[in-house]
Amino acid sequence: FPANLEREAPTMNYEERLEQAVIDCNLPFTPADLQLEDVLNAAYCDRFLFAYSVGGGKTLCATLVGMVWDSDHNSIIMPPILLPQWQRWLAKVGLTNVKLFHGPRRTPRDLDAKWVVMSHAMFRDSFDMIEYIYRGKDVALFIDEAQVLKSVKSVTYRKVSKFIQPDRKLVMMTATPTS
């Protein structure tokens, strides 16, 4: 386990938070035991990859992890085509403080939201401003279609690595086989 598990224990343990998150989401189905187990593993490890096949519940699990962590901000980066899908999903499960970040010239205040969705390119291209605004804040980073990080030489990989440093939480999601 990472060294950051030595942090002060939360007032409500992760198991209780997960139970409450499932209730708060008002889902029309019960998550599978394996999914709930993986959510807890991700929460305790602070870094996790959901590599389920298509339709396996990566979005559900990542959302539950974000609710369990209860960070100041949850930034979800993804390909642009998935932005509307993520916004609909977060609204469907009852999360209200959700904003779509369009960039520093259009919506910089949206980074103050609890849940912020943006494209991989927007994260990469607005990185300096994002890093500045989130400096000193508890921010969890969620990366959908995480195969974008497979090359350590890519700009996106370097920006994500710099952003999370040793103390920020990270959830990656992909159904594409990656190393």
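**Group meeting: a parallel sheet and its salt bridges**

Hi everyone, let's start with the sheet: 6 strands form an open, parallel sheet in the order β1-β6-β5-β2-β4-β3. At its edges are β1 (47-50) and β3 (98-100), each with a single partner strand, so one side of each has no neighbour in the sheet. Averaged over the sheet, neighbouring strands are turned by 15° against each other, direction ignored.

A word on what we're looking at: this is a predicted model, where local features need pLDDT of at least 70 and side-chain atom pairs count only at pLDDT 80 or more, while totals for chains, interfaces and linings use all residues. Residues are numbered from 1 along each chain as its sequence is written, and side-chain values use heavy atoms, with hydrogens and water left out.

For the terms, helices (H or I, at least four residues) and strands (E, at least two) are DSSP runs numbered from the N terminus, and two strands pair if DSSP finds at least two bridges between them.

Within β6, V171 is the bridge partner of F48.

Now the helices. Helix α4 (residues 83-92) packs on the sheet, touching β2 (73-78), β3, β4 (115-119), β5 (139-144) and β6, where contact means heavy atoms within 4.5 Å. The direction of α4 makes about 165° with that of β4; axes are lines fitted to C-alpha atoms, for helices over the stretch in contact, and angles run from 0 to 180 degrees between N-to-C directions. Helix α7 (residues 155-164) lies across β1, β2, β5 and β6, at about 155° to β5.

Among the residues N74 touches are G66, W115 and F142.

Finally, how many salt bridges are there? The count comes to 4, taking a side-chain nitrogen of Lys or Arg within 4 Å of a carboxyl oxygen of Asp or Glu. One of them pairs D70 with K114, the closest N and O atoms being 2.8 Å apart. That pair links the loop between α3 (58-69) and β2 to the loop between β3 and β4, 44 residues apart.

D138 and K169 also meet in a salt bridge, at 3.4 Å. D138 sits in the loop between α6 (127-133) and β5 and K169 in β6, so the pair ties together parts 31 residues apart in sequence. D138 is partly exposed at 29%, whereas K169 is buried at 6%.

How values were computed. Buried means under 20% relative accessible area, exposed over 50%, partly exposed in between (1.4 Å probe, protein chains only). Lists of a residue's contacts leave out its neighbours within four places in sequence.
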